[in-house]
Amino acid sequence: MAKRSFKVWRGDANGGEFKAFEVDVDPGMVVLDVLHRIQSRQANDLALRWNCKAGKCGSCSMEINGKPRLACMTRMNIFRDDETITAQPLKTFPVIKDLVTDVSWNYAQNQRIPRFKPRPREADGTHRMYQEDVDRVQEFRKCIECFLCQDVCHVIRDRDAKSEFVGPRFMIRLASLEMHPLDTDDRVPEIRKEFGSGLCNITRCCTEVCPEHINITDNGIIPLKERVVDRYFDPVQSLIRKVRGIKLRTKTRSEASAEGGTGGKP
Amino acid sequence: MLDVSEIQTIDHDVMVVGAGGAGLRAAIECSALGLDTGVISKSLLGKAHTVMAEGGMAAAMGNVDPRDNWKIHFRDTMRGGKFLNVWRMAELHAQQAPDRVRELEEWGAVFDRTKEGLISQRNFGGHRYPRLAHVGDRTGLELIRSLQDHGIHQGIKFHMECSALELLKDPHGDRIAGVLAYWRETGRFVIYRCKVVILCTGGGGKAWPVTSNSWEYTGDGIAMAYDAGAELMDVEFTQFHPTGMVWPLSVRGILVTEGVRGDGGILKNNKGERFMFNYISERFAPETADTVAEADRWIQGDKTARRPPELLTRDEVARAITAEVKAGRGSPHGGVFLDIASRQPADFIKRKLPSMYHQFMELAEVDITKEPMEVGPTLHYFMGGIRVDADSQQTTVPGLFAAGECAAGLHGANRLGGNSLSDLIVFGKLAGDGAAAYIKALGSTPRPIDDQVVAAIRRATDILKREQGANPYLLHEKLEGIMSSRVGIVRNQQDLEHGVEELEALKLEAVEMKAPGASQYNPGWHEALSMRSLLITSEAVTRAALMREESRGAHTRTDHPGESAEWVKYNVIVKRGAGGTMEVEKRAKPEGPARLVAIANAKIEDLESGKVGAD
C-alpha cells in the first residue's frame, strides 16, 4: 500500500475548485477504486457515476489528468509514483455536481434519429443476414455511450455547436442504421441537413478516445459523408440515377412537409 | 409540517421501476397496449445491470442443432433448477423465448450469424444443445440498446436517475396506488400516482463483498414489495457464478463469462489437473463426458460425444472450485485456472471473447490468448425473489407486478446461464400484459394517502438532518462481512444463526446513520437509503437459508448434505408479519401437471423423437 495524492474537482453549476486528498492505494487499483476510497473514508458526498466497473457500461467518464477516460479502466500504475492525479468532470457538458455532468442532451439527440425500419421477414419467418454483412454494424453497436467522443469533439467542445451537429456518438448510431442489412429507411438528407455531417472535419479525436476502439471516423463518419456527396454533389451518380429513373430524397422530411410534399421516396 | 400537496406529483397508468431488460420490455408492452407508461431508473438509461450480461440469451430456436426444441429447454431448466422451479414459468419461458429473440431482431438487434445467415447459438452450462443467441460476449449491451432504441419511440416517459423509496397503497382494497421516489440530482421527492407498479429491480448482490453486481443491486424491489406485504419465495438460493476474476483485488468478483468454457475453456488446479472430471454428480453423469478424449471430441463438434464437465451447472462448478481451493490446490490468489489459451487459437479467442480479452489485458495485465486466467466464485444472481403468478407476474399485492431477477420461480434452486436474458424479455412482456388486464378490470382509480408519504420522507431526510451518526459506507462493509462469513457458498446452522443475530444488531446501528452534506447528488445519502433494502433482503436470505435443511442447487448446507426427497416438495416463503417482524414459512409447493412432469423426466432421445411430449 502506498500513499498517493489526488486532486478532485468539487463543486456544482455555480462553481467549484480542486480539493486535495491523500489516499492509500493498493496494487492493481484503478482510479475509480481510489475515488471510491475517498468517498467512503473522506468525502461521503463526493458525486460520481459508475456501474459495471469493467468498461462495459460507460458511466464513469471523466477527465483524468486532463484526458477524457473511463475511471474504471484507468489503472493507477500508468502514472508515476510521485504524480498527483487530477479528476474533473467532462468539460463539454454542464456540471451537476463534482464529477457528474448533465448528459441529457445526448439522449435528446438519440430521440431525433428516425427509428429502425426492417424489411419484411422471409417466408419461413426468419431474417437472413451473413456475418460479413453485419461485421461493420456490430462494430458500431459496441458503443457503450460513455460520451467521451462527444466530450472531445471540437464541434461540440470548442465551438459549442450542439444545435448543428449531433456528434460522433450519433453519427455512428446513424451509420449503424444506414448500414444495417435489414433497414429500409433513407436518412441521408437528415444526416446532411439536420444532423450536421458536414461539420465534422475529420480530426479523429473521437476515434482516439473510444474505449471500445470503434473506428468512428473512418468506418462511420466518412462513409456517411460519402453518401451525402453521392446524393448531392456527384454529377456521375446523379446522371446514373437519372438514366435509371431512380429518385432519391434530397429534401428532409421536415422541409418536404413544410412545402406540402412527401420529399420523394419515404 | 410537511405539506404533501407541494411535492411534485406525476401521474401514469403504469410505473415500471428499473430500466434493465425486464423493465424496458415491460414498458414497451404496456405502451404498445395503449397505457400511459413511466419508467424510473437509478442510473442513466442503458446503464442497468443487463448491460453487463455477456454470454447470451437461451432460446430453443434450433438454428445450430435442429434437434433442439422447447421441451428440451424446459427439461434442462428444471434439471438445472433441481426441480424447485415453478413448472408453468419454466414452460412459458421455454415456449416463448424464441419469439422474443426474433422480435429483438425486428427492433434492430444484430446477433452473430450462422453460415446460413441465421441467428447463431452457442453452448453454455446445463444446456443440452447450442442455444444461446449472442453477440460476441456483449449480448447484454445488444439487448438493452435494442430495447432502449425501440422504447424511446414508443411514447414511454423515462425518468432517469430517480430512485424509488416506497410503494404507496390505497387502503381501500389494499391496492397499489403509486411509488414515492427521489431525484438523485436534486434530492427532491416525487410521487408517482399510478394503477400498477411493475418492479424490475434485480437482485441484492451488493450485500456480499465479492460480487459481479453493480452498486444498483441493493434489493430495492424485494424490500419494497416485502414492506408492501408481498410474499418472497426461494430467496435462500443465491447463485455464486463459478468464474469471477480474483486478481487484482480491486476487480475481485467481476464476471468471466461462461462462454469461455462454452467455447472450449477448461478448469485446472495448481497441479495442472483438469479437476472437473472428479465432480460429476449422479444426475448429470449419463450426459457428461467421463474422459478428456470424449470431452475434446464434443468441442470439435462430434454430436455423438457427451458434454465436458466444465459445462455442468453453475452450482456444481462453483462448489468444485471451492473444494479444490480448500484442499490446497488453488491458484496463487485463491482461485483456480481457467485456460482457453492452450485450447483455441488467439484470433478465435479475440473474435468470440473480445470483452474478456480486453478486460484481462487492461485490468489484470493477463493475455488470455497466452496464459490462463485466475478465477473463483462470485455472488452473481438471486434465483428467489418476489412470488408472482406464473402467467400474469402479479404478486400477492393487487396492482403490484414483478419481472426479471427480482421475481421468483423460473430458476428454482439454480439458474442456467443464458436463462436470465430470456427470462427478462419473456416475463417482462407477460408482466406488461398482466398489468393491462388488471387495469382493464379495475373499477375506481386507487389513490395514495398522505400519511404514508410523510412518514417515508421523514425517515429519509432524518439521515441528512441528524447531527451525527454511523457512516453508511462502513455499515455497508460490515454487512458484506456478515453475509460473506455467515451466508456464503457453503452454510451451516450455527453460522446462519449467528448471521441472524449479527444482522439484528446491524439493523439497530443502521437506525442512526448520518449522511453529511446536502441532498443534491449525495451518494452517501443514497448509500444510507439503500441500506434499508439491503438489510431486509439479507435478513430474508439468511432466515430462509436457515429454514431449508438440505443442500439443493445454489444452497449448500454442510450440516444437511444432499438433496432431500422431502424438501423438494416445499418452498420457503418470507413475509412481513402483523407485528412487523419477518415471518418464514415452509409451504407445500404445487405439484407439476402430468404432461410437464413427463417431459422433465423423459429420456432425451424420447423428446428428440417426439415420443414424449408430442404437441
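In which order do the strands of the open sheet of four strands in chain B stand? The order is S17-S12-S19-S20, and the pairing is antiparallel. The model described in this report is predicted.

## Sheets of chain B

Within it, B:Ile573 is placed opposite B:Glu585 in S20(B).

Further antiparallel pairing involves strand S15 (residues 336-339) of chain B, which is joined to strand S14 (residues 266-268) of chain B by three bridges. Here B:Ile266 faces B:Asp339 in S15(B) as its opposite residue. S15(B) is also joined by three bridges to strand S16 (residues 373-382) of chain B, again in the antiparallel sense. In that pairing B:Phe337 stands opposite B:Glu374 in S16(B).

## Domains of chain B

The domain assignment divides chain B into domain 1 (4-239 + 383-450), domain 2 (242-379) and domain 3 (457-560). Between domain 1 of chain B and domain 2 of chain B, the C-alpha centres are 29 Å apart. Their contact involves 34 residues of domain 1 of chain B and 31 residues of domain 2 of chain B. The two domains bury about 2700 Å² between them, and carbon and sulfur atoms account for 46% of it. On the side of domain 1 of chain B, the residues that lose the most area to domain 2 of chain B are B:Glu54, B:Asp137 and B:Val210, which together make up 22% of what that side buries.

Six salt bridges are counted between domain 1 of chain B and domain 2 of chain B, and 23 residue pairs are in polar contact across this interface, both residues being at pLDDT 80 or more. Helix H2 (70-80) and strand S13 (238-245) of chain B are the elements that give two or more residues to the side of domain 1 of chain B that touches domain 2 of chain B. The largest share of that side, three residues, belongs to H2(B). Sorted by class, the side of domain 1 of chain B that touches domain 2 of chain B holds seven nonpolar, 16 polar and eleven charged residues.

## Domains of chain A

For chain A the assignment gives domain 1 (2-101) and domain 2 (104-259). The C-alpha centres of these two domains of chain A are separated by 33 Å. Contact is made by 14 residues of domain 1 of chain A and 17 residues of domain 2 of chain A. The area buried between them is about 1100 Å², with 58% from carbon and sulfur atoms. A:Pro68, A:Thr92 and A:Phe93 provide 48% of the area that domain 1 of chain A buries against domain 2 of chain A, more than any other three residues.

Across this interface one salt bridge is found, together with five residue pairs in polar contact (both at pLDDT 80 or more). Strand S3 (61-64) and strand S4 (67-70) of chain A are the elements that give two or more residues to the side of domain 1 of chain A that touches domain 2 of chain A. The residues of that side comprise six nonpolar, four polar and four charged.

## The interface of chain B and chain A

The two chains meet through 64 residues of chain B and 61 residues of chain A. They bury about 5300 Å² between them, 50% of it on carbon and sulfur atoms. The interface has eight salt bridges and 47 residue pairs in polar contact (both at pLDDT 80 or more). Among the elements that each supply at least two residues of the side of chain B that touches chain A are helix H3 (87-106) and helix H15 (523-547) of chain B. That side of chain B divides into 25 nonpolar, 18 polar and 21 charged residues.

## Salt bridges

Over all chains, the whole structure has 93 salt bridges. Some of them are listed below.

| Residue | Partner | N to O distance |
|---|---|---|
| A:Glu63 | A:Arg157 | 2.9 Å |
| A:Arg49 | B:Glu161 | 2.7 Å |
| B:Lys195 | B:Asp13 | 3.4 Å |
| B:Lys303 | B:Asp65 | 4.0 Å |

Definitions and conventions
Residues are numbered from 1 along each chain as its sequence is written. Chains are lettered from A and ligands numbered from 1 in the order in which they are written. This is a predicted model: local features need pLDDT of at least 70, side-chain atom pairs count only at pLDDT 80 or more; totals for chains, interfaces and linings use all residues. Side-chain values use heavy atoms; hydrogens and water are left out. Domain bounds come from an automatic or database domain assignment. Contact means heavy atoms within 4.5 Å. Buried area is the accessible area (1.4 Å probe) that two parts lose on being put together, summed over both. A salt bridge is a side-chain nitrogen of Lys or Arg within 4 Å of a carboxyl oxygen of Asp or Glu. A polar contact is a pair of N or O atoms within 3.5 Å; within protein, one must be able to donate a hydrogen and the other to accept it, and residues adjacent in sequence count only if both atoms are side-chain atoms. Ala, Val, Leu, Ile, Met, Phe, Trp, Tyr, Cys and Pro count as nonpolar, Asp, Glu, Lys and Arg as charged, and the others, Gly among them, as polar. Two strands pair if DSSP finds at least two bridges between them.
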